[in-house]
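Work through the exercises below on aromatic contacts. Keep the model open beside them.

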Amino acid sequence: MNRRTAFLTTLAVTTFLTLTACGTEDTDESAKGSDKATGSTESAPASSATASDARPAIELPADLSYTFDWPKTGDREKDAVLADSEQSIKAVDQAIVNQNALDKAYLYYYEGEAAATTEKFVQNYVDHKAGITGFYRFYAPEVNVDDKDGTASFSYCEDQGKAYVKYLETDKIEETEVTAMSYVSYHTSLRRDEGKGVWVIQEIVSQSRSEKCQP
(Lines give C-alpha, C1' and ligand atoms only; values in the text may rest on other atoms or scores of the structure.)
Protein backbone atom coordinates (compact mmCIF):
# COMPACT_ATOMS: atom_id res chain seq x y z
CA MET A 1 0.00 0.00 0.00
CA ASN A 2 1.30 3.44 -0.83
CA ARG A 3 2.26 5.08 2.43
CA ARG A 4 0.21 8.20 1.83
CA THR A 5 -2.32 7.94 -0.92
CA ALA A 6 -3.73 4.52 -0.18
CA PHE A 7 -3.53 4.95 3.57
CA LEU A 8 -5.44 8.19 3.57
CA THR A 9 -7.94 6.89 1.04
CA THR A 10 -8.56 3.75 3.04
CA LEU A 11 -9.29 5.82 6.11
CA ALA A 12 -11.56 8.13 4.12
CA VAL A 13 -9.42 11.14 4.83
CA THR A 14 -10.41 14.06 2.69
CA THR A 15 -8.31 17.00 3.86
CA PHE A 16 -4.64 16.72 4.73
CA LEU A 17 -1.38 18.29 3.88
CA THR A 18 0.54 17.74 0.77
CA LEU A 19 4.50 16.11 1.85
CA THR A 20 5.55 15.02 3.76
CA ALA A 21 3.30 16.75 5.27
CA CYS A 22 2.12 20.24 5.37
CA GLY A 23 -0.22 22.82 4.00
CA THR A 24 -3.30 22.61 1.88
CA GLU A 25 -3.61 20.04 -0.86
CA ASP A 26 -5.44 19.30 -4.04
CA THR A 27 -6.00 15.64 -3.29
CA ASP A 28 -4.84 13.49 -0.40
CA GLU A 29 -1.12 13.83 -0.08
CA SER A 30 1.37 14.84 2.56
CA ALA A 31 4.49 16.72 2.63
CA LYS A 32 7.62 15.68 3.68
CA GLY A 33 14.18 17.13 4.24
CA SER A 34 19.66 16.55 4.78
CA ASP A 35 22.00 19.33 4.94
CA LYS A 36 22.95 18.62 1.35
CA ALA A 37 21.14 18.18 -1.95
CA THR A 38 22.19 15.00 -3.65
CA GLY A 39 21.13 12.57 -6.30
CA SER A 40 22.16 9.52 -4.34
CA THR A 41 20.20 7.06 -2.27
CA GLU A 42 20.32 7.69 1.45
CA SER A 43 19.40 5.25 4.19
CA ALA A 44 18.43 6.08 7.75
CA PRO A 45 19.29 6.13 10.61
CA ALA A 46 22.09 8.60 9.96
CA SER A 47 21.40 11.99 11.52
CA SER A 48 20.51 14.46 8.77
CA ALA A 49 21.30 17.59 10.76
CA THR A 50 24.18 18.71 12.88
CA ALA A 51 24.02 20.17 16.35
CA SER A 52 26.32 23.01 15.30
CA ASP A 53 23.54 24.96 13.58
CA ALA A 54 20.95 24.22 16.30
CA ARG A 55 18.80 22.19 13.94
CA PRO A 56 17.03 19.22 15.52
CA ALA A 57 18.64 15.89 14.79
CA ILE A 58 16.66 13.53 12.58
CA GLU A 59 16.98 9.83 13.29
CA LEU A 60 15.15 7.38 11.03
CA PRO A 61 15.07 3.57 11.03
CA ALA A 62 17.01 1.46 8.57
CA ASP A 63 13.86 0.36 6.72
CA LEU A 64 13.42 3.89 5.32
CA SER A 65 15.58 5.11 2.45
CA TYR A 66 15.51 8.10 0.15
CA THR A 67 16.85 9.40 -3.13
CA PHE A 68 16.75 13.14 -3.72
CA ASP A 69 17.40 13.74 -7.41
CA TRP A 70 17.78 17.47 -7.02
CA PRO A 71 21.46 18.36 -7.53
CA LYS A 72 22.90 21.65 -6.37
CA THR A 73 22.23 24.66 -8.57
CA GLY A 74 25.29 26.71 -7.66
CA ASP A 75 23.05 29.44 -6.24
CA ARG A 76 23.50 29.73 -2.47
CA GLU A 77 19.88 30.47 -1.56
CA LYS A 78 18.37 28.01 -4.01
CA ASP A 79 20.63 25.28 -2.69
CA ALA A 80 19.59 26.21 0.85
CA VAL A 81 15.93 25.78 -0.13
CA LEU A 82 16.73 22.33 -1.54
CA ALA A 83 18.65 21.27 1.57
CA ASP A 84 16.06 22.57 4.03
CA SER A 85 13.23 20.99 2.06
CA GLU A 86 14.99 17.63 2.21
CA GLN A 87 15.26 18.03 5.98
CA SER A 88 11.60 18.98 6.28
CA ILE A 89 10.49 15.86 4.41
CA LYS A 90 12.50 13.58 6.67
CA ALA A 91 11.34 15.47 9.77
CA VAL A 92 7.71 14.64 9.04
CA ASP A 93 8.63 10.99 8.55
CA GLN A 94 10.40 11.05 11.90
CA ALA A 95 7.21 12.33 13.54
CA ILE A 96 5.31 9.38 12.06
CA VAL A 97 8.01 6.94 13.20
CA ASN A 98 7.99 8.49 16.68
CA GLN A 99 4.18 8.50 16.71
CA ASN A 100 4.33 12.11 17.86
CA ALA A 101 2.10 14.66 16.11
CA LEU A 102 4.00 17.49 17.81
CA ASP A 103 7.51 16.23 17.09
CA LYS A 104 9.86 19.19 17.43
CA ALA A 105 11.88 18.38 14.30
CA TYR A 106 9.09 19.03 11.78
CA LEU A 107 7.86 22.04 13.76
CA TYR A 108 11.30 23.55 13.16
CA TYR A 109 10.62 23.55 9.41
CA TYR A 110 6.87 24.20 9.21
CA GLU A 111 4.75 27.06 10.47
CA GLY A 112 1.20 28.38 10.29
CA GLU A 113 -1.19 26.48 8.06
CA ALA A 114 1.54 24.08 6.97
CA ALA A 115 2.33 23.12 10.57
CA ALA A 116 -1.33 22.72 11.51
CA THR A 117 -2.17 20.41 8.63
CA THR A 118 1.02 18.44 9.19
CA GLU A 119 0.02 17.85 12.78
CA LYS A 120 -3.33 16.45 11.62
CA PHE A 121 -1.61 14.29 9.03
CA VAL A 122 0.77 12.74 11.56
CA GLN A 123 -1.97 12.36 14.15
CA ASN A 124 -3.91 10.23 11.67
CA TYR A 125 -1.06 7.72 11.65
CA VAL A 126 -0.84 7.84 15.44
CA ASP A 127 -4.58 7.25 15.86
CA HIS A 128 -4.41 4.16 13.65
CA LYS A 129 -1.12 2.90 15.10
CA ALA A 130 0.43 3.01 11.66
CA GLY A 131 3.97 3.71 10.55
CA ILE A 132 5.86 3.88 7.26
CA THR A 133 8.48 1.81 5.51
CA GLY A 134 10.10 1.59 2.11
CA PHE A 135 11.87 3.75 -0.44
CA TYR A 136 11.09 7.32 -1.49
CA ARG A 137 12.36 9.16 -4.54
CA PHE A 138 12.09 12.91 -5.09
CA TYR A 139 12.88 14.52 -8.43
CA ALA A 140 12.14 17.29 -10.97
CA PRO A 141 12.91 20.22 -8.64
CA GLU A 142 12.01 23.78 -9.61
CA VAL A 143 13.05 26.46 -7.16
CA ASN A 144 12.68 30.23 -7.31
CA VAL A 145 13.89 32.73 -4.72
CA ASP A 146 12.75 36.33 -4.33
CA ASP A 147 15.71 38.13 -2.79
CA LYS A 148 13.67 41.26 -2.20
CA ASP A 149 11.18 39.84 0.28
CA GLY A 150 12.97 36.70 1.46
CA THR A 151 10.44 34.24 0.07
CA ALA A 152 10.74 31.25 -2.22
CA SER A 153 8.65 28.72 -4.12
CA PHE A 154 9.66 25.13 -4.62
CA SER A 155 7.98 22.48 -6.76
CA TYR A 156 9.00 18.84 -7.05
CA CYS A 157 7.78 15.31 -7.68
CA GLU A 158 7.62 12.22 -5.50
CA ASP A 159 7.57 8.57 -6.55
CA GLN A 160 5.72 6.69 -3.80
CA GLY A 161 5.65 3.38 -5.65
CA LYS A 162 7.88 1.60 -3.15
CA ALA A 163 6.60 3.31 -0.01
CA TYR A 164 4.19 1.49 2.27
CA VAL A 165 2.11 1.62 5.42
CA LYS A 166 3.26 -0.58 8.29
CA TYR A 167 0.80 -1.35 11.07
CA LEU A 168 2.71 -1.24 14.32
CA GLU A 169 0.72 -3.69 16.42
CA THR A 170 1.07 -6.50 13.90
CA ASP A 171 4.13 -5.41 11.85
CA LYS A 172 1.94 -6.00 8.79
CA ILE A 173 3.07 -4.14 5.68
CA GLU A 174 0.43 -3.30 3.10
CA GLU A 175 1.89 -3.50 -0.40
CA THR A 176 0.03 -2.59 -3.58
CA GLU A 177 0.86 -2.22 -7.23
CA VAL A 178 2.33 0.97 -8.60
CA THR A 179 -0.37 3.11 -10.23
CA ALA A 180 -0.79 6.69 -11.40
CA MET A 181 -1.61 7.57 -7.79
CA SER A 182 1.99 6.72 -6.89
CA TYR A 183 3.28 9.89 -8.57
CA VAL A 184 2.68 13.13 -6.75
CA SER A 185 3.59 16.73 -7.45
CA TYR A 186 4.18 19.25 -4.67
CA HIS A 187 4.35 23.01 -4.55
CA THR A 188 5.59 24.77 -1.44
CA SER A 189 5.80 28.41 -0.39
CA LEU A 190 8.63 29.25 1.97
CA ARG A 191 10.11 32.20 3.83
CA ARG A 192 13.60 32.77 5.10
CA ASP A 193 13.67 32.67 8.91
CA GLU A 194 16.70 34.81 9.62
CA GLY A 195 16.70 33.93 13.30
CA LYS A 196 17.10 30.22 12.61
CA GLY A 197 18.84 30.59 9.27
CA VAL A 198 16.34 28.18 7.72
CA TRP A 199 13.82 28.23 4.87
CA VAL A 200 10.51 27.53 6.61
CA ILE A 201 7.48 26.07 4.81
CA GLN A 202 4.32 28.14 5.13
CA GLU A 203 2.08 26.48 2.55
CA ILE A 204 2.20 23.24 0.61
CA VAL A 205 -0.10 21.86 -2.06
CA SER A 206 0.01 18.43 -3.65
CA GLN A 207 -1.60 16.64 -6.57
CA SER A 208 -1.65 12.89 -7.00
CA ARG A 209 -1.78 11.33 -10.48
CA SER A 210 0.33 14.26 -11.60
CA GLU A 211 1.02 14.03 -15.33
CA LYS A 212 4.16 16.08 -14.80
CA CYS A 213 5.56 13.40 -12.51
CA GLN A 214 4.59 10.29 -14.47
CA PRO A 215 7.57 8.22 -15.72
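**Exercise 1.** Decide whether phenylalanine 68 and phenylalanine 138 are buried or exposed.

Solution. Both phenylalanine 68 and phenylalanine 138 are buried. Buried means under 20% relative accessible area, exposed over 50%, and partly exposed in between, with a 1.4 Å probe and protein chains only. Phenylalanine 68 has 0% relative accessibility, so it counts as buried. The model is predicted: local features need pLDDT of at least 70, side-chain atom pairs count only at pLDDT 80 or more, and totals for chains, interfaces and linings use all residues. Residues are numbered from 1 along each chain as its sequence is written, and side-chain values use heavy atoms, leaving out hydrogens and water.

**Exercise 2.** Classify the ring pairs of phenylalanine 68 with tryptophan 70 and with phenylalanine 138.

Solution. Start with the rule. Rings of Phe, Tyr and Trp (its six-membered ring) pair if their centres lie within 6.5 Å; planes under 30 degrees apart are stacked, over 60 edge-to-face, the rest tilted. The structure holds 13 such aromatic pairs. Phenylalanine 68 and tryptophan 70 sit 5.1 Å centre to centre with 40° between the planes: tilted. Next, phenylalanine 68 and phenylalanine 138: 4.9 Å and 10°, hence stacked.

**Exercise 3.** Explain why the pair of phenylalanine 68 and phenylalanine 138 ties together parts that are apart in sequence.

Solution. Locate the strands (DSSP runs of E, at least two residues, numbered from the N terminus). Phenylalanine 68 lies in strand S4 (residues 64-68) and phenylalanine 138 in strand S5 (residues 130-146), so the pair links parts 70 residues apart in sequence. Both rings belong to one aromatic cluster, whose members include Tyr66, Trp70 and Tyr186.

Conventions:
Helices (H or I, at least four residues) and strands (E, at least two) are DSSP runs, numbered from the N terminus.
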